[in-house]
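Subject: Structure for you to look at

Hello,

Here is the structure we talked about, with the sequence alongside. Please open it first, then read the notes below.

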Amino acid sequence: MEKLYEGKAKIVYQTENPNHVIIYFKDEATAFNAQKKDIIEGKGILNNKISSIFFTLLNQAGVKTHFIKQISDREMLAYKTKIIPIEVVVRNLATGSIVKRLGIPEKTEFNPSLIEFYYKNDALGDPIICYEHVLVMKLATEEDVKTIKEMALKVNQILRDFLIKHDIILVDFKLEFGKLDDGTIVVADEISPDTCRFWDAKTGERMDKDRFRLNLGDLAKYYQEVLERIEK
Ligand code: C5P
């Protein structure tokens, strides 16, 4: 198969159908714009399975995503999209970069949930941008931004309600959006413990990539625990 793109954690392949791609999940873990790197055996399998469950949930709830189906341990079939170069972060509780950047106290609750935009550009280190930057840089239209925000908040609501039933707090997460040939905007990329922060509702333990970022260890064990809880 023709390789269309290889990123830090995934490879995208063209299929025979020009509108479909296969997304292959690798075991590479990176943080801090790839300054910290490691291989964590089995992570790709866990992220593919977890992402597939979340995308299925969203598709069933009427949120359009690129996901078609999981086809193997490490692969999902998805619609081919043109990625909008904005990383959309939704925050329910303050932690991570917002605490460092703005001095907002850890665990401050955001109600309504906070939406941030980052310019998806590795060379620039994915800088935070505001709505006006999106328009000036023509990353998306006003209409697109409205759609993206509505979709991001809906994803937050669906995932939050689902996860809390499994004793997981959805602290924050990052989404990417893509456009299909006909212009439809869909949730793309992955939704996994690599791109979300999950805290155990009972113990407060981190069940996400912060275990790697903060050298807490046992990453695969906690990703496995997330999978087992949401499979129930
Ligand atoms: O680092 P920060 O606090 O801004 O991250 C917010 C959320 O976005 C976290 O869930 C993190 O995992 C996710 N994120 C990501 N990819 C990035 C930056 C952040 O998935 N490049």
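Two residues are called in contact here if their C-beta atoms, placed from the backbone, lie within 7 Å. By that rule, and leaving out residues up to four places away in sequence, Lys 80 touches Asn 19, His 20 and Val 21. Please keep in mind that this is a predicted model.

Lys 80 sits in the loop between β7 (75–79) and β8 (82–83).

Overall layout

The protein has six helices and 14 strands. Its C-alpha atoms fill a box of roughly 45 × 40 × 35 Å along the principal axes. The radius of gyration is 17 Å, which agrees with the value near 17 Å for a compact globule of 232 residues. Of those 232 residues, 33% count as buried. Among contacts between residues at least 6 apart in sequence, 55% join residues at least 24 apart.

Two domains

The protein is divided into domain 1 (3–79) and domain 2 (82–217). The centres of domain 1 and domain 2, taken over C-alpha atoms, are separated by 17 Å. Where the domains meet, 20 residues of domain 1 are in contact with 23 residues of domain 2. On the domain 1 side, β4 (28–31) and α1 (43–60) are the elements that give two or more residues. Helix α1 gives the most, with seven residues. By class, that side of domain 1 has 11 nonpolar, six polar and three charged residues.

Ala 29 is a residue to look at in strand β4. Ala 29 is buried, because 21 other C-beta atoms lie within 10 Å and the cut-off is 20 or more. Not counting residues up to four places away in sequence, Ala 29 touches Asp 38, Ile 40, Lys 43 and Phe 212.

The nonpolar core

The largest nonpolar core has 45 residues, and Val 88, Leu 170, Phe 177, Val 187 and Phe 198 have the most contacts inside it. Both domain 1 (3–79) and domain 2 (82–217) give residues to this core, so it lies between them. Leaving aside neighbours within four places in sequence, Val 88 is in contact with Ile 115, Phe 117, Ile 148, Ala 152, Lys 174, Leu 175 and Phe 177.

The ligand

Which residues come nearest to the ligand? Of the 13 residues around the ligand, these are Gly 96, Ser 97, Lys 174, Thr 195 and Arg 197. At least two residues of the shell come from each of β9 (86–93), α2 (97–102), β12 (168–179) and β14 (196–200). Strand β12 supplies the largest share, three residues. By class, the shell has six charged, four nonpolar and three polar residues.

Regards

Definitions and conventions: Residues numbered from 1 in each chain as written. Predicted model: local features only at pLDDT ≥ 70, side-chain atom pairs only at ≥ 80, totals over all residues. Near = placed C-beta within 6 Å. Helix = DSSP H or I, 4+ residues; strand = E, 2+ residues; numbered from the N terminus. Nonpolar A, V, L, I, M, F, W, Y, C, P; charged D, E, K, R; others polar. Rg over C-alpha atoms; globule rule 2.2 N^0.38 Å. Buried ≥ 20, exposed ≤ 12 C-beta atoms within 10 Å, placed from the backbone. Domains from an automatic or database assignment. Core = buried A, V, L, I, M, F, W, Y, C linked by C-beta atoms within 7 Å.
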